[in-house]
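Hi everyone, thanks for making time this morning.

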Amino acid sequence: MKDFTSHALNVATAKGARYADIRIIDHRQQVVSVKNGNVDGIGDQYSQGFGIRVLVGNSWGFASSAYVAKAEIERVATLAVQIAMASAMVPGPPVDLGSPVRSTGQYTTPIEVDPFSISLEQKLDLLFRADEILRRNSGVRVSEANVIAIRNHKFFSNTEGAFVQQILYESGGAVAATAVSDIEVQTRSHPNSFRYQGTGGWEYVINADLVGNAERVAAEAVALLAADVCPSKDTTLVLDSSQLALQIHESCGHPTELDRVFGTEAAFAGRSFLTLEKRNNFRYGSDIVNMTAESVRPTGLGTFGWDDEGVPASSTPLVREGEFVGYLMSRETASKLALESNGCMRADGWNRLPLIRMTNVSLEPGTWELDDMIADTDDGIFMETNRSWSIDDMRLNFQFGTEIGHEIKGGKRVRLLKNCTYAGITPDFWKSCDAIGNSRHWRLWGTPNCGKGEPMQTMGTGHGASPARFRNVKVGVFR
Amino acid sequence: MNFRQISDLVMSASSADETEVLGFEQNESLTRFANNCIHQNVTERNVQITVRSVIETKIGIAISNDLRPESLRELAIRAGDVAKLQPSNPEFKGLPQPQVITPVESFDSAVAECTPEQRAARVGIICRKAADAGCAAAGSMTTSSLNVGVANSKGVFAEHRLTLADESTVIMGQNSSGWAQRTGWQLAAIEAEALADEAISKVRMGADPVDFEPGEYSVVLEPYATADLLEMLAYDGMGALAVQEGRSWMNGRIGERIMADSVNIVDDGTNIAGIPCPFDFEGLPKKVVPIVASGVALSPVYDSFTAGREDRKQSTGHATPPSPQGRFGPAPMNLFLRPGSTSLETMIKTTKFGLYITRFWYTRTVHPRDAVVTGMTRDGTFVIRNGEIAHPIKSLRFTQSYVEGLKYTEAIGETTRVLRSGFGGAVSVPAVKLAKFRFTSSTR
């Protein structure tokens with residue numbers, strides 16, 4: 001493989017590139033999904049190819065192909081340089097990549113059981129058992145259960161001497177029940193409303209206990225049809241850790257992406273309110289809010305050995321005691337701040353350019369037991385499991401909906417609530433955080449469907465959180 | 001290998017009762033710009049072969065981009081092996097029989113052969129105009145060509161090649177921004193000068209926006225915002241699977257007048273005014289499907305699976321590609337909101353007090369059965385007072401049933417704009433004026 005990558009880099013250099021890198025990826029994905037007692041989808045997907053990124057002068061070019069052959073490598077390397085030269089027709093500022101990256105080595109996701117060693121029969125058996133329990137509840141209109149296994153075998157090499165090989169495994173699964181009345185639809189899912197997914201082996205699916213939670217999920221979906229609608233008011237909000245994970249993703253992860261700050265995602269993903277002068281000089285949240293980006297924590301969807309620029313996995317503080325202190329960076333953007341990259345560049349395949357992506361952006365645990373947090377709340381709502389999400393292009397104005405809620409009165413969970421929504425402005429919301437669950441309640445979730453870039457890339461990111469409490473939050477936006 | 005050779009090889013290697021081969025061959029290039037320079041510039045050459053094997057009523061799917069003959073044979077065997085593992089699915093009635101397909105032209109060699117230099121030249125026009133205006137431009141230009149082929153063991157064989165050109169820009173001033181976009185299958189649809197001028201004029205109009213109290217207001221929506229109405233309604237339930245599962249806004253409303261008389265929504269897959277394709281991903285011809293006619297909800301679109309679940313239903317030619325991840329269900333891919341007879345200027349002139357919206361952003365479903373959607377306005381939101389655009393305001397969040405919004409349609413624009421859909425395909429939409437639209441919060 002090294003001969004192959006060296007040849008590509010030599011061709012790119014000979015054609016005029018002052019920097020080049022190549023990624024060769026072999027991707028395998030297996031999905032099994034069951035719906036209403038039938039197989040809804042089952043099959044394998046294979047994709048292989050390579051992408052070459054070149055810097056000519058101060059302009060970038062990228063070309064990719066599914067045909068992994070020597071002649072095609074030469075064509076694609078030459079094309080990448082031609083594209084970079086075309087980019088120079090509309091030139092930008094000087095590009096500085098900072099210190100050379102010369103990483104070498106091999107990384108494989110630690111797994112107990114290879115998810116591809118589990119037969120399709122075994123996977124179907126698990127899903128049919130869960131699905132059957134969901135359908136035992138006559139109020140369930142649609143029952144769903146699925147599992148996924150992914151293996152990415154990646155080679156990365158650059159003209160600075162880096163050569164790394166990684167085999168990254170992901171596994172996941174979920175169950176969901178949908179109940180339908182004449183006027184509405186209610187869905188409950190487990191462990192999360194997006195497929196529960198992380199870097200790991202089949203043990204990750206087993207730990208999710210899809211079968212053991214199916215009966216509860218079905219009962220809750222049906223109960224929601226008859227539940228009261230979330231009231232409209234300003235109140236105390238307690239979020240479970242899975243909903244909080246998406247809140248972190250949207251309102252901390254994305255605004256700390258440094259490419260957004262520099263405006264290079266303005267036309268699609270948007271920009272950020274966390275502008276440069278705010279670093280070390282802006283109160284993002286209350287004193288108990290600490291957020292960290294780390295790509296070294298096991299089982300996160302943002303866990304790896306090196307990013308797609310060959311920069312090693314790391315841990316970076318983003319928010320400390322409520323102060324905004326750090327960004328997610330690439331080599332090029334970090335150098336603009338006279339910093340080194342913290343390894344956040346990833347592409348969703350061989351045919352896509354690496355972009356700054358969240359690794360595992362998490363809220364550090366606090367000190368509270370969840371029961372104590374609720375007992376300490378006179379009047380509020382406890383919301384669980386994301387149902388809808390939307391946030392403005394600066395990552396300030398957000399609105400989320402959850403699958404289920406419970407009214408809290410006098411320190412106790414009382415009424416079941418449906419169609420729960422809440423809204424706010426990012427720093428105001430995080431400044432209102434006055435209680436965070438302890439490490440016993442902390443859980444690392446996966447968001448496998450984060451969209452960014454053009455052409456659109458879908459990336460998996462990780463987010464850890466414990467349940468947390470927020471004061472004076474607007475809930476019940478649309479009744 | 002061409003698609004005929006690929007499909008023949010796969011079918012000869014398959015021992016399934018029925019076999020389907022879907023092939024995509026794509027060349028896509030995208031030039032991306034920000035801060036008035038090109039910062040990302042990419043091209044991709046890829047193929048994808050999807051094999052759907054049927055044994056009795058069991059379906060197995062395997063997908064690969066490896067075209068070596070031995071790999072294609074393995075793919076066919078793999079799909080068959082997957083099918084064998086399953087219990088029978090009596091709802092599946094088999095792969096479709098061939099039908100007559102009328103070819104349609106949607107390939108422009110100028111798009112397929114567009115060079116990086118040609119894209120850079122068009123992008124350069126926008127960046128220079130923005131710089132001259134003291135603004136920063138961001139955006140992208142895409143040129144792509146796609147060969148689609150579908151074949152099955154019952155005799156279906158269809159091939160089509162199409163092109164897509166799309167360019168969009170956000171141009172930003174000190175405290176305002178403007179948006180413009182053009183989409184078409186012909187390169188002539190892309191007018192860089194006009195794009196830049198449109199976005200820059202919105203930057204100037206939108207300078208120094210003020211806070212504005214959310215509430216319920218009359219709105220005039222530019223086609224960019226109207227496009228979101230159609231896209232989200234399509235996503236929330238214009239397909240038969242959503243209706244059959246009871247999660248569509250059409251549930252309980254079919255045959256009822258739910259929108260204004262002037263609203264006519266149709267999927268017209270072969271209409272060259274949009275981005276046409278003569279057949280769906282099962283190789284069945286696309287039929288014209290009136291989804292809402294004179295405000296009355298008529299019918300979702302069907303594929304062969306959903307049609308087979310109902311009495312006397314036939315596929316309308318709206319199958320989406322088979323996926324191991326489960327059925328997405330049939331979907332409209334070339335959707336039209338028929339134009340009315342009112343100019344945009346008249347819509348503004350006839351508005352005593354309301355809001356003028358350039359586009360919506362980050363819209364998500366809150367309640368699917370009523371197509372309640374939340375999202376933000378972006379790149380130009382203005383107050384209309386006494387028939388004139390009075391002043392810009394900061395972006396607002398709305399939470400609104402799109403079905404109910406269209407119930408209060410007061411006017412529909414006389415011209416339409418084709419726009420690439422975020423869910424695939426395209427929508428062709430005019431401006432609209434709605435009497436009521438609910439804004440639920442503001443931003444900074």
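Chain A is divided into domain 1, residues 2-226, and domain 2, residues 229-475; the bounds come from an automatic or database domain assignment. Where the two meet, 55 residues of domain 1 of chain A and 43 residues of domain 2 of chain A take part in the contact, meaning heavy atoms within 4.5 Å. The C-alpha centres of these two domains of chain A lie 21 Å apart.

A quick note on the ground rules. This is a predicted model, where local features need pLDDT of at least 70, side-chain atom pairs count only at pLDDT 80 or more, and totals for chains, interfaces and linings use all residues. Residues are numbered from 1 along each chain as its sequence is written, chains are lettered from A and ligands numbered from 1 in the order in which they are written, and side-chain values use heavy atoms, with hydrogens and water left out.

Now, the secondary structure: chain A has 10 helices and 24 strands, taken as DSSP runs (helices H or I, at least four residues; strands E, at least two) and numbered from the N terminus.

What about the overall shape? The C-alpha trace of chain A spans about 70 × 55 × 35 Å along its principal axes. Of the 479 residues in chain A, 67% are buried, which is to say under 20% relative accessible area with a 1.4 Å probe, protein chains only. And among contacts in chain A with a separation of 6 or more, 75% are between residues 24 or more positions apart.

Technical notes: Buried < 20%, exposed > 50% of the residue type's maximum accessible area, 1.4 Å probe, protein only.
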